[in-house]
Amino acid sequence: MGICMKDHPSEDVLEKIEAVKEQLEASVLEGLLFGLENQKWDQAQLNELFHALKKLEKRITNEERTATLDQIVSFLD
């Protein structure tokens with residue numbers, strides 16, 4: 001898979017959150033929305049979060065899903 005050179009603004013991240021919110025625990029969803037609202041993350045982190053959320057939209061194994069969700073949760077620390 002290629003490297004994305006595009007910067008994803010918080011609006012893009014919010015769209016991805018909305019697209020996968022059924023796959024996220026309520027506390028994780030709330031934490032992500034709070035983080036966006038309070039501009040908790042720099043551009044590099046927004047890009048990484050966007051791609052992790054995007055990965056949840058694809059057909060992935062249970063192991064990949066668990067690792068991706070763990071990655072997403074790590075943004076809340």
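Figure 1. Helix α1 spans residues 10–20, and Asp12, Val13, Lys16, Ile17 and Val20 are its buried residues. Seen down the axis, these buried residues fall within an arc of 140°, so they line one face of the helix. The arc is that of the directions from the helix axis to the C-beta atoms. An α-helix has 3.6 residues a turn, so residues three or four places apart point the same way. On the other side of α1, Glu11 and Glu15 are exposed. Buried means under 20% relative accessible area, exposed over 50%, and partly exposed in between (1.4 Å probe, protein chains only). The buried residues of α1 pack against α2 (26–37) and α3 (43–56). Helices (H or I, at least four residues) and strands (E, at least two) are DSSP runs, numbered from the N terminus. The model is predicted: local features need pLDDT of at least 70, side-chain atom pairs count only at pLDDT 80 or more, and totals for chains, interfaces and linings use all residues. Residues are numbered from 1 along each chain as its sequence is written, and side-chain values use heavy atoms, with hydrogens and water left out.

**Figure 2. The nonpolar core around Val13.** The largest nonpolar core has 18 residues. Val13, Leu24, Leu32, Leu49, Leu53 and Ile72 have the most contacts inside this core. Helices α1, α2 and α3 each supply at least two of the core residues. Helix α3 gives the most, with six residues. A nonpolar core is a set of buried Ala, Val, Leu, Ile, Met, Phe, Trp, Tyr and Cys residues joined through side-chain atoms within 4.5 Å. Leaving aside neighbours within four places in sequence, Val13 is in contact with His8, Leu36, Leu46, Leu49, Phe50 and Leu53. Contact means heavy atoms within 4.5 Å. In soluble globular proteins, nonpolar side chains tend to be buried together.

**Figure 3. Asp12 and its partner Lys6.** Asp12 lies in helix α1. Asp12 is buried, at 17% relative accessible area. The side chains of Asp12 and Lys6 meet in a salt bridge, at 3.9 Å from N to O. A salt bridge is a side-chain nitrogen of Lys or Arg within 4 Å of a carboxyl oxygen of Asp or Glu. Not counting residues up to four places away in sequence, Asp12 touches Lys6 and Phe50. Side chains of opposite charge can pair when their charged atoms come close.

Figure 4. A search of the whole structure finds three salt bridges. In one of them, Lys16 pairs with Glu57, and the closest N and O atoms are 2.7 Å apart. Lys16 lies in helix α1 and Glu57 in the loop between α3 and α4 (62–74), so the pair ties together parts that are 41 residues apart in sequence. Lys16 counts as buried at 16% relative accessibility. Glu57 is partly exposed at 41%. Glu18 forms a salt bridge with Lys21, with the closest N and O atoms 3.1 Å apart. Glu18 is partly exposed, with a relative accessible area of 40%. Lys21 also counts as partly exposed, at 33%.

**Figure 5. The aromatic pair of Trp41 and Phe75.** The structure holds one aromatic pair. Trp41 and Phe75 form this pair, edge-to-face, with 6.2 Å centre to centre and 90° between the planes. Trp41 sits in the loop between α2 and α3, Phe75 in the segment after α4, and the two are 34 residues apart. Rings of Phe, Tyr and Trp (its six-membered ring) pair if their centres lie within 6.5 Å; planes under 30 degrees apart count as stacked, over 60 as edge-to-face and the rest as tilted.

Figure 6. Phe34 is found in helix α2. Phe34 is exposed, with a relative accessible area of 56%. The C-alpha atoms of Phe34 and Glu48 are separated by 17 Å, and these residues are 14 apart along the chain. Gln39 lies in the loop between α2 and α3. Gln39 has a positive phi of about 50° although it is not a glycine. Most residues other than glycine have a negative phi. Gln39 counts as exposed at 71% relative accessibility.
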